[in-house]
Amino acid sequence: MAKILAVDDSASMRGMVAYTLRGAGHEVTEAENGQLALDAASANGFDLVLADVNMPVMDGISMVRELRTRPSYKGVPILMLTTESHTDKKMEGKAAGATGWLVKPFDPEQLLATVKRVLG
Amino acid sequence: MSTGGLAQFQQVFIEESLEGLDTMESSLLALDEGGDGELVHTIFRAAHSIKGGAATFGFPEMASFTHEAESLLDEVRGGKRAIDKPIIELLLRSVDCLRGMFDRARAGQPLNDSASDGVRGELAAMMGRAAPAGTTPARRAGDQAEAWIIRFHPHAGMLAGGNDPLRLIRELAGLGELAVEADLARLPALARLDPSECHLGWSIELKAPARREDIAAVFDWVVDECDLSIEPKPSAAVTPAAAPAPASLADAAAARGTREANAESSSVRVAIDKIDGLINLVGELVITQAMLDTFREEFDPSRLALLQQGLTQLARHARELQESVMGIRMLPIASVFNRFPRLVRDLSQKLGKQVRLELHGEQTELDKTVLEKIGDPMVHLVRNAIDHGLETPDRRRAAGKGETGTLKLDAYHRGGYIVVEVSDDGAGLNREAIVRKAVERGLISGGEGMSDEAVAELIFQPGFSTAAVTTDLSGRGVGMDVVRRNVSDLGGTVTIRSKAGQGSVFTITLPLTLAIIDGLTAAVGEECYIVPLVSIVESVQLKPEALKTMPGGGELFRFRGEYLPVLRLHELFGCTGAKRAIEDGLLIVVEGDGGRVGLFVDGLVGQQQAVVKSLEANYRRVQGVSGATILADGSVALIVDVAGVTRLGRRSKAA
């Protein structure tokens, strides 16, 4: 199945995402902030990146912007995990190069449905 | 997806949220003292994470509560609102409410209570509106049609953003049969064609009834990256449909189901390098074992040196492994210290005192069990220090001191122990007041001839309180005797040093771990007993004339200006073959929460580390014994419960 990078500073959220995706047979790498995600993205190729917006060290928006400057990540789906109260963040994420978003709270079914949507 | 798998993350969520609340609290306090604006971001991020996770992990009440706090923080962050004392105050109380909610979540109780409802209302009022009912707003129903025409022209850069038009069309096909026509009008000549860009457009007919919002949902990620029009097919009869019932985002009942499996289980979060170190050690142990194993087949005396070397290594690995395993249970005391800035701030404000709190040695690590239980006694000591120890600014000025008092919390290692000190530069213990009170309470007949040390000890007597007026702070029916008992239950001791006019220092000495103690092995007849090293003051040999026998049969001896009871362990435990003459044996002076006593034993065998085995779990509770251990020769030795025997000693002294 797909190789997925899950980025979130919250261990519970990251764990839930990774657990759900692994349960669906995906190979998941976890990172706890944007900087560590970039490091992981340099070392591996991913088919999909799921990233939280608010994170210490490097936030999700900056991470997407940086990732999109890399030729190997052009066109790779990147989804922002965002909260509904921040509609402007969705657009900021899009402007930085994100493919789309998944609104928190989401349950495992919604996560899998969205991942299926981008991976086809 | 089973809820059992997700329940583990709910637990993680609660733990990290409690940490987040600690961060919020300490940042709010720092902000209160004029910290920089970066703190607001830290606070916001913590609130945001809790909100995001709360709804995901089945706590919608917490999510909506945090949402209020977050909205307020967002205004502060965005510069729309200046942070001031009332806001900090309210946010601090919000932190308290959320802590309460997490506690109730763990206990499986309803999350909201009157306090949280009240604070939530205040948050909303501060934002200038009524508290929302917390319901999911009804979605606006889209119009509906029998068939649709969708014109979709992606911008050139859409592919780079990870959105594939083909995927979108496939998704659209999920709504019903499609007739798709490609528009090649913008396709450039091959020589100028950039394959990473999108040049095609599509005109799509959806030949099935659908709602506009369902179609729009397919394109929600790309609305700003394409030209899109969604129109009902003109020939079809358009009938407005009744608005469907709003779909609830999360099925509350299902979410709540995950909470049932959430009985509080005790867990430790361990740094990964500690685990790695452990694995490494086990690896070395296995290698050493394999090396020693070669001696099993045949032993050649010429290899004796090698065997000795192997045994030395084995001993080293065992010791290191023991330390590492203990280390897993060890957590920095910072988690306990961190609750004090808030407490000190609230208390000093209430009492009109100026207090500067200094924290030292926050990274000192303690056994998790000890850590969990040391908080309450420390809170009591800190309350006491602020309430009784430190003076008001006026009185400090009158005494020639700075108006701001200093309260210091310090933690450090000393030998195999952790020392935690609570010190203040206040007035110190008031000898006269203590003596007067003790006489009133009938604890002593008079203070003449009592050393300062002995007077200070009086405050640890049950029911002792010197406050003329019981404040609502310290006077909670808990005295210093409870502090001492709590600490003694952890195998530790509390002592006090105080100097009139200069302040007091309370010193709590705790074992590193409850699983292993350092003890002196004492022989009593044919038995051996372990006396915990932490409670030993001194060992003395008495001359027969130094022993006084009381009319009731109790024995006393004079030790540094006070009379201490003698407890003969052979009598207490019924040992045979023990020495009886006081000059033949040894008195070990121990200190516990019942004061000091001299334990009469035959002699000392040596000092050793004892792995504590519970007597209760293996046999039953025995008075005067806190546990058992296995000696190197395989025999069992009982560990003396110093707190228990000192209480016995006091009773015999009173008799």
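I looked at the crossing first: α9(B) passes α10(B) in a left-handed crossing (left-handed if the near helix is turned anticlockwise from the far one by less than a right angle, right-handed if clockwise). Helices here are DSSP runs of H or I, at least four residues, and strands are E runs of at least two, numbered from the N terminus. This is a predicted model; local features need pLDDT of at least 70, side-chain atom pairs count only at pLDDT 80 or more, and totals for chains, interfaces and linings use all residues. Residues are numbered from 1 along each chain as written, and chains are lettered from A in the order written.

I noted that α9 (272-297) and α10 (304-328) of chain B pack at about 155°, axes 9 Å apart. Axes are lines fitted to C-alpha atoms over the stretch in contact, and angles run from 0 to 180 degrees between N-to-C directions. So α9(B) is roughly antiparallel to α10(B) (over 145 degrees).

Next, α4(B). Its 23 residues (85-107) should span 33 Å at 1.5 Å a residue, and the end C-alpha atoms are 33 Å apart, which agrees. The expected span is 1.5 Å times one less than the number of residues. I found Leu91(B), Met101(B) and Phe102(B) among its buried residues (20 or more other C-beta atoms within 10 Å, C-beta placed from the backbone). Gly108(B) follows α4(B), with a positive phi near 70°.

Last, the chains. I get 30 residues of chain A in contact with 29 of chain B (C-beta atoms, placed from the backbone, within 7 Å). The largest share of chain A's side, eight residues, comes from α1(A).

Note on methods:
Buried ≥ 20, exposed ≤ 12 C-beta atoms within 10 Å, placed from the backbone. Contact = placed C-beta atoms within 7 Å. Parallel < 35°, antiparallel > 145°, perpendicular 65-115°, else oblique.
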